[in-house]
Amino acid sequence: MIRLDDVLEELRRHHPEADVDMVRRAYVFSAKAHRGQVRRNGEPYLIHPLEVSYIVSKLRLDTASVCAGLLHDTVEDTAVTVEEIQADFGEDVAALVAALTKLEKFNFTSVEEAQAENFRKMLVAMSRDLRVILVKLADRLHNMRTLVHMPEDKQKAISKETLDIFAPLANRLGINWVKTELEDLCFKYLFPVEYKRLAESIQKTRAEREQYIERVISLLKRELGGHGLDAEVTGRPKHLWSIRQKIHSSGRDLGSLFDILAFRISVDKTSECYEALGLVHSIWRPVPGRFKDYVALPKGNGYQSLHTAVMGPEGERVEIQIRTREMHRIAELGVAAHWSYKEGKYGLGTQDTDERFRWLRQLLEWQRDLKDPSEFMETVKVDLFDDEVFVFTPTSEVQFFPVGSTPLDFAYRIHTTLGHECTGAIINGTIQPLKYALQNGDVVEILRTAGSKPKPDWIKVVRTGRAATKIRHFLRQEANARAEQIGIELLERELRRYGVSLTRTRRGGKLEEVAGQLRQRSEKELLMDLGYAKIRPNQVLPLIVPADKLSAGPKPEKEENPLQRLVKKVIPTKGGLIVDGIDGVATHFPKCCSPVNGDAIVGFVTVGRGVSVHRKDCPRTLDYDPDRRVGVRWDTESRQVTPVQIRVHSTDAPGLLASMSQSFHSAGVNITAVDCKTTPDKRAINNFTVMVSDVEQLRRVMGQIERIEGVTSVERLAS
């Protein structure tokens, strides 16, 4: 158990001038505030803030941060106020505790809006003072260490959010030891059977493995020392989550997996890194394609090291990292290794942090621009947490992108207009299509055509959140403009039937007034919602048309129902649908949205094909004349099945496709087509066309597939 003296000793080691008296006072303050409180395991609650403060001190943070670790739960869980903390410990500590109190605990079983809002709060707090997220990481790490005392459903929920958000954040901040421990703890609770099996398998070969590691270390030290290099050499197995991911991505079992051992060589100077690399390659044959130079081209989080894989003794493949001792310090401590606390530079805005935290600035921009919670969280997970590739601009500037990014991502990174007008790219002197996956070292030049516009299918091509956001924004603006025009035409036609002019109504400000009455933010929004059919004309007419004209009714139609006339020659069919107001009409489902029994739907009369039925949220509905809209509803007695497309993202592992097929079979769902592809980052994209009877059956089978181990997401496609 950690004691206060342990915290003070760790703090003094890195900050000899630290105010230890203030830390002692914070400990006493926390003990009084939490008196009588216990954790789920029965221990006094004080143990938790003490453990958090120790982790904070191991991260080499300052006195204020250690005090915040001791006090972080006092405002939230006791009667203590921020003002009391400020009076006793100063503004700096109070600000940290206040920021930590505002970061509500994530809850992945809550609504998506709450998840996104909590993450937005954390981003803003990080931008003001990066110590906030480091104390939060320390808090999360100790909670994960004691998660065994929580109910199983809570264990899985907390582990999932930790693996999705906090472990990748620790990685982005460059704190390797926190990242690896969080990942292994999440593994333990998310996949307990697999974790236990893997841990036991590795334990069985521990003695043999340790002997092998000692032989390799001894050989390396002898060779390096013989060439005058003062090198420190260490070796270990990779952490469990890393091994698990390698097993799933390679499709091999542990027994046939060679590269689970990692060795590290630490030297004094950068030049010695390359000298050591040459010696390693002279001893053992390097594995082609496995060398990475993060010294010349550091990762986005500042990580530097040479990585190579070689065929070591007994033909076993091992990975070796070579770095300076300073590079190793930064690799373990990350952001905390860079800060100068005496200058008080804890947030963004200093020259030193500008490049290193460009990713955080980008996230702050997205949290302001992206209002849709699912879009925001999707953007965060792709851009913040994926592995990176680096490419060069024509002027030799380095740009980093998530693995799988395309020339479109590159174009939008440079400038929004360049992205909109992108028509292709020259990669390493050769013209490549927009869907080309960027590779390390590519030199990228964008081809553009003035006046070109983004296309809807670009969303499926790009990988970065920035590009997807810019494309969606452009398409949304165009769709809104079309909807507004449809709304104008629709309202103008309806008002004309009562002898009222829309132009005069708008000019006199009446339509703006009506918008307010209907709780619309503006006249423009009202017209758009009319175009999108979110508001019906009969909701607007009583607020514009004078009562006497309204009571007199509209002018009579001069001809028969034009919709009925359009469908006279159509042969009726049984489609599991009922069309309001029109008898004996055929219906058909276009491929753009594939509605299923139970979806909210709308119909449009077409010439010669009857009523075309779409999901209400289908973008194609904006292309139809609103006068051809008819009400349609599902026939509850119908047992007709309809086709729908499902996309399953998963790891590329043997047996997964069979498990998915079994889930469809057990749910009584027939598969009519399958298209499976693998990506460069060892993932699989599986597209299924299946026949379902209703939306509930679809949701059930999607839920079953999502629970299959190795499946990362399941989505219903629009087409």
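Me: If contact means heavy atoms within 4.5 Å, which residues of α4 meet which residues of α7?

Reply: In this predicted model, A64, S65, C67, A68 and L71 of α4 meet D92, V93, L96, V97 and L100 of α7. By class, this contact has eight nonpolar residues, one polar residue and one charged residue.

Me: What makes α3 and α9 oblique to each other?

Reply: α3 (47-58) and α9 (residues 131-145) pack at an angle of about 125°, with their axes 9 Å apart. Roughly perpendicular ends at 115 degrees and roughly antiparallel begins over 145, so the pair α3 and α9 is left in the oblique class. The crossing of α3 and α9 is right-handed.

Me: Which residues make up the contact of α3 with α9, and how many of them belong to each class?

Reply: H48, E51, V52, I55 and V56 in α3 meet V135, A138, D139, L141, H142, N143 and R145 in α9. Sorted by class, the contact of α3 with α9 has six nonpolar, three polar and three charged residues.

Me: What is the phi of R60, and why is R60 called partly exposed?

Reply: R60 is found in the loop between α3 and α4, and its phi is near 65°, a positive value in a residue other than glycine. Most residues other than glycine have a negative phi. The relative accessible area of R60 is 28%, and because buried requires under 20% and exposed over 50%, R60 comes out as partly exposed.

Me: What makes R519 count as exposed?

Reply: The relative accessibility of R519 is 78%, and the cut-off for exposed is over 50%, so R519 counts as exposed. R519 lies in the loop between α24 (510-517) and α25 (523-531), and its phi, near 60°, is also a positive value in a residue other than glycine.

Me: Why is T406 called buried, and which residues is T406 in contact with beyond its neighbours within four places in sequence?

Reply: T406 has a relative accessible area of 2%, and the limit for buried is under 20%, so T406 is buried. T406 has its place in the loop between β8 (398-402) and α20 (407-414), and, leaving aside those sequence neighbours, T406 is in contact with L434, K435, Y436, L438, V461 and V462.

Me: Which residues of α16 are buried, and what do they pack against?

Reply: In α16 (residues 325-333), the buried residues are M327, H328, I330, A331 and L333. They pack against α3, α11 (176-190), β2 (261-267), α15 (270-283) and β6 (317-324). After α16 comes G334, whose phi is positive, near 60°.

Me: How many residues does the chain have, and what share counts as buried?

Reply: The chain has 719 residues, of which 51% count as buried, and it contains 30 helices and 21 strands. Among the contacts in the chain with a separation of 6 or more, residues 24 or more positions apart account for 65%. The chain exposes about 35,000 Å², and carbon and sulfur atoms supply 49% of that area.

Conventions: Residues numbered from 1 in each chain as written. Predicted model: local features only at pLDDT ≥ 70, side-chain atom pairs only at ≥ 80, totals over all residues. Heavy atoms only, no water. Contact = heavy atoms within 4.5 Å. Helix = DSSP H or I, 4+ residues; strand = E, 2+ residues; numbered from the N terminus. Nonpolar A, V, L, I, M, F, W, Y, C, P; charged D, E, K, R; others polar. Buried < 20%, exposed > 50% of the residue type's maximum accessible area, 1.4 Å probe, protein only. Areas by Shrake-Rupley, 256 points an atom, 1.4 Å probe, with all protein chains shown as cover. Axes fitted to C-alpha atoms, helices over the stretch in contact; angles between N-to-C directions. Parallel < 35°, antiparallel > 145°, perpendicular 65-115°, else oblique. Left-handed = near helix turned anticlockwise from the far one by under 90°.
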